[in-house]
Amino acid sequence: MKRRRLWLALGLFLLPLVVRGLWYYRGIYRPGMGVDLPNYSELTAPTPPLRESLAVKPVATEAEMGSAPRRGRVVLIDMAHGNDFELSELDRLTQALSAREVKVEVFEGDFKPDAQPLGERLKYATAFVVIAPNVSFSTSEVQQATRFVARGGRLLVIADPTRNGINAGRFDLAGDVRGMDVASANQLLSPFDIAFSDDYLYNLTKNEGNFRNVLLSTFADDPLAEGLSTIAFYAAHSIYTNTGVSVIRGGEGTFSSITDSAAGYAVAVRSQDGGVLALGDLTFLTSPYNQVADNGALLGNLVDFLLGGERARDLSDYPFIFDQPVAVLTTELFGLSAETIQTLSAAQVAFRSLDLDLTVTETPSSGTDLVMLDLFEPVDETVTEEVEALDIVLPRDSDEATLTVPEFGEVNPAGLGLMALSHSEERTTLILLADSAEDLLALAEKLGFGGLDGCMIRGRYALCKVGEGEGFGSELEGGFGFPLGEGSLSGISLEDLINPPTPGETPMPEPTP
Amino acid sequence: MNEGQRPSPALRLGWIVLPLILGVLAASLIPRPVVGLIYLNDAIHAFSARDMIDQIRFAHREPEVRAVVLVLDSPGGTVSDTEAVYLELARLRSAKPVVTMVQGMAASGAYYLSVGTELIIAGPSSQIGNVGVISELPPYPLVLEDLISTGPYKIFGAPRDTQLRRMETIKQGFYRAVLKGRGDKLEIEAETLLRGEIWPGSEARRLGLVDELGSLSLAVEQAARLAHVANYQVEDLRELADLPPAINAPFFVETEQGVITPYPRRPGYYLLYIPPPERRSP
């Protein structure tokens, strides 16, 4: 009995506990899969694949120097268009160029009084390098660069997504973050069917330490890619071309930031004629990144590209047509006199500013370029030989006493001076011819201006006004001293040209092409 | 007592009532379970992290707290503070279930915290993701006339390139935490996840970044279910722990005009979402 009461009491005591317990608690918590943490200690930072040394080619060989202008090769670097880089970043490139006995010059614009415009600088440059421009180029500058390439110069344009002139520090991305680098660079590249895209390439799985540092292993069969296995570009624009060569392209998993798709985007493109190269990254050229993977070899190939053009020199490059000290050849006609000395002294000053010596000599010697002056009826036999070699027909040899100049055709020599340029292995020779001694002196004065002002230049030939022509008083048909023939306005009188008939009257005949 | 004598009615009642009363009194010692709420409505920085850790430790040691709901509306914050809270949450989870409710945003470091919980519930339009690291590189090393140090990186902390590569390490840690926390639930490729995108809750659900779409009530119910408790009470752990009010320390830059911009005040590594700024008027 008593025992029963004890059990009852115990039960009654436990009853509220059980009721309350079950009212609130329906089981025991056990962590489902256990608490599993990442193994942080095994995480390591990726290291770059470094090469021991850069593939910098040795000093220029005799063969290389033989093809180079004796005055030396010059690579001109643009710093006049808001270029977002420092020259010191190109140390390895400039060292490699110096090792090949190439001079590096900087174009800072023509704002200073003694500064030469771009066109003048390109006359003697071997290559023109434009990096990360953020100021637009003028139309004339684009034309000058295009002509430069057409005549054998090499153009290298580099744009980099991180060099768009925007300095966004401490996450401060306020305002428009679109820079001008792509637009400016594309101005230069447009004539060559190359265009940068305003994007950057990235790869989230195969990269060099960060998603925007892409590893590239897809190369075209091109000298620029010679000896390359893998290179690393550090945030690179993609580049488009229809007719050019995509030398280096991204592979699988390399996306464009614009499309977030992988389509084998190019980061290095060469123009169809091979004279223009566009690169989408600058950082790979700088230290220490030029030691990663095959970047050093690419740098060496880049130097080969810059020095690989064969510059054609003609009179439009005056005064940079000479590579050696210049000697003016005196003759019976053109000797030292008060007038000739005054003319030549001006030329000497102009040449000296270009690091060229100008002397006067009776006998040409080796190691000098020559300037020869004579009349349209040459006194000097040497001049006659040179003229014939240049396919120039002098008035004395012409039935109609005209001067025939390649690129110009037949011209009335009255009041004109002729300049003609010839190159040989030994020297460069500039021939000046005119109708009279006075005209010849006037023509020689143009040597001092440095730019052949007042002359019409066609390749190796130039015609300059040095005296009074027979234009308005010419007895030849057509007026203006032009004989009938190709290029003349046949059937049109001088009177009609000056006072054209009013509409409704007899229409003017169409000029023959 | 003789066999013929029976206990009095009072005594019989005593045998019933007294144990019952004692049992009721003993039962009152059984605490009503609490589902605790820990709010994060700020970036993850030293003060907010310490605040959260205090609440986590309170939840861990107090027996009546049976489950925790982490209520997030945060763009993330510093790497070190995020990892500190993440590890404390892992310790708590070994004893009690933790559920995340995303009310607004769980970006970057905030999402890092959420993958360390058993369940993630989000609003349909809440912002989820931004997996990745952000940092400002130190300047190029230079020497100054009057500021002298004993090593090239004493002042700058690390070479620029090394700082960039270390970000990959932190990113990998973040990514592995996501893999550990989400496991087979993830329906997204690594490449896509690591792009750093932010997804709305509905899409995050489809990608396996969150478990359910719902409200705080649902999160509380789920936490209670995991903890096997019923008829619980829901409490803000800050109040329950009698902690001081949250310290409003400025984490972001404040301009001269008093505008708080979403840029951290000092350089470093961040698991942080920085929204694009407003365009300035021309």
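## Salt bridges within chain B

In this predicted model, B:Glu203 pairs with B:Arg206 in a salt bridge whose closest N and O atoms are 3.1 Å apart, a salt bridge being a side-chain nitrogen of Lys or Arg within 4 Å of a carboxyl oxygen of Asp or Glu. The two residues are 3 apart in helix α7 (residues 201-207) of chain B, and so about one helical turn separates them; helices here are DSSP runs of H or I with at least four residues, strands are runs of E with at least two, and both are numbered from the N terminus. B:Glu203 is partly exposed at a relative accessible area of 29%, while B:Arg206 is exposed at 56%, where buried means under 20% relative accessible area, exposed over 50%, and partly exposed in between (1.4 Å probe, protein chains only).

A further salt bridge in chain B joins B:Arg165 to B:Asp161, with 2.5 Å between the closest N and O atoms. These residues are 4 apart in helix α5 (residues 160-182) of chain B, again separated by about one helical turn, and B:Arg165 is buried, with a relative accessible area of 5%.

## Salt bridges in chain A and overall

Over all chains, the count comes to 22 salt bridges. One of them is formed by the side chains of A:Arg121 and A:Glu105 (3.2 Å, N to O); A:Arg121 lies in helix α4 (residues 118-122) and A:Glu105 in strand β2 (residues 102-107) of chain A, so the pair ties together parts that are 16 residues apart in sequence. A:Arg121 is buried at 12% relative accessibility, and A:Glu105 is buried at 14%. Elsewhere in chain A, a network of salt bridges links A:Arg151, A:Arg311, A:Asp314 and A:Asp317.

## The interface of chains A and B

Contact, meaning heavy atoms within 4.5 Å, involves 51 residues of chain A and 61 residues of chain B. The two chains bury about 5100 Å² between them, 62% of it on carbon and sulfur atoms, buried area being the accessible area (1.4 Å probe) that two parts lose on being put together, summed over both.

There are 2 salt bridges between the chains, and B:Arg176 meets A:Glu42 in a salt bridge at 2.5 Å, N to O. On the side of chain A that touches chain B, helix α1 (residues 2-24) supplies the largest share, 12 residues. That side divides into 29 nonpolar, 12 polar and 10 charged residues, with Ala, Val, Leu, Ile, Met, Phe, Trp, Tyr, Cys and Pro counted as nonpolar, Asp, Glu, Lys and Arg as charged, and the others, Gly among them, as polar.

## The disulfide and the fold of chain A

The whole structure contains 1 disulfide, a pair of cysteine sulfur atoms within 2.5 Å, and this disulfide joins A:Cys455 to A:Cys464 with an S to S distance of 1.9 Å. The torsion about the S-S bond is about 105°, so the disulfide is right-handed, and both A:Cys455 and A:Cys464 are buried.

Chain A has 11 helices and 23 strands, and buried residues make up 49% of its 513 residues.

## Basis of the values

Residues are numbered from 1 along each chain as its sequence is written, and chains are lettered from A and ligands numbered from 1 in the order in which they are written. In this predicted model, local features need pLDDT of at least 70 and side-chain atom pairs count only at pLDDT 80 or more, whereas totals for chains, interfaces and linings use all residues, and side-chain values use heavy atoms, with hydrogens and water left out.
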